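This report describes the fold first and then turns to one position within it. The sequence and structure are shown here for reference.

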Amino acid sequence: MIKKIIWGILLTIVAVIIGAWLTQDYWLPQWNEDLAQQSSEYREKGRALGARADQQVCFDEALTSFNQCSGFACTIKHGKFLKACWEKAAPTEGFCEGVPAYNEEKTEDEKSWARHECWGRDIRGEGCRLLMRQQQLLCSEQLKTD
């Protein structure tokens, strides 16, 4: 009996995946369009905040807001917000202290740093670590220009 239930669940999951793949031409373009529109709105919100804030305020706002949602689309939108905010934001004294240098290929130390920073802020999920990577990139770029 349990085997039949498990097989039924597995077949249902496979059918849903195949159905989503076969109908992607109908729903995927709209999903991409919606995500692009929302990303644009988040960029504008980021620019508006950055015009009156510093880097730390931008970063804190992105992480706080990010912590209230989850998923791939959420990470993209908050990443767009953060980059746009930093474009306009005033520098923050000490913002890059303790931030490891950015490398294309993440090192174990960088992964550990990002994980502990997210945990320390009580933010779970891979998306937080991606936002931390943006801080690494910003700080590494600032070091090059200084």
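Helices are DSSP runs of H or I with at least four residues, numbered from the N terminus. The model discussed here is predicted.

## Overall fold

The protein has six helices and zero strands, and, read along the sequence, these follow the pattern α-α-α-α-α-α. Its radius of gyration is 20 Å, well over the 15 Å that the globule rule gives for 146 residues, so the protein is more spread out than a compact globule. Along the principal axes, the C-alpha trace spans about 65 × 35 × 25 Å.

Among contacts with a separation of 6 or more, 73% are accounted for by residues 24 or more positions apart.

## Surface and charge

Of the 146 residues, 29% are buried, while the protein exposes about 9,900 Å², with carbon and sulfur atoms supplying 57% of that area. The side chains include 18 positive and 21 negative ones, and the centres of these two sets lie 7 Å apart.

## The setting of Thr75

Thr75 lies in helix H4, which covers residues 72-88. Its relative accessible area is 14%, and Thr75 is therefore buried, given that the term applies under 20%.

Leaving aside residues up to four places away in sequence, Thr75 touches Phe66, Gly127 and Leu130, and the side chain of Thr75 also reaches the backbone oxygen of Gly71 at 3.1 Å. Gln135, which is 60 residues from Thr75 in sequence, is 14 Å from Thr75 in space, C-alpha to C-alpha.

How values were computed. Residues are numbered from 1 along each chain as its sequence is written. This is a predicted model: local features need pLDDT of at least 70, side-chain atom pairs count only at pLDDT 80 or more; totals for chains, interfaces and linings use all residues. Side-chain values use heavy atoms; hydrogens and water are left out. Helices (H or I, at least four residues) and strands (E, at least two) are DSSP runs, numbered from the N terminus. The radius of gyration is taken over C-alpha atoms; the globule rule is 2.2 Å times the number of residues to the power 0.38. Buried means under 20% relative accessible area, exposed over 50%, partly exposed in between (1.4 Å probe, protein chains only). Contact means heavy atoms within 4.5 Å. Accessible areas come from the Shrake-Rupley method with a 1.4 Å probe; for residues, only the protein chains shown count as cover. Lys and Arg count as positive and Asp and Glu as negative; His and the chain ends are not counted. The place of a charge is taken as NZ of Lys, CZ of Arg, CG of Asp or CD of Glu. A polar contact is a pair of N or O atoms within 3.5 Å; within protein, one must be able to donate a hydrogen and the other to accept it, and residues adjacent in sequence count only if both atoms are side-chain atoms.
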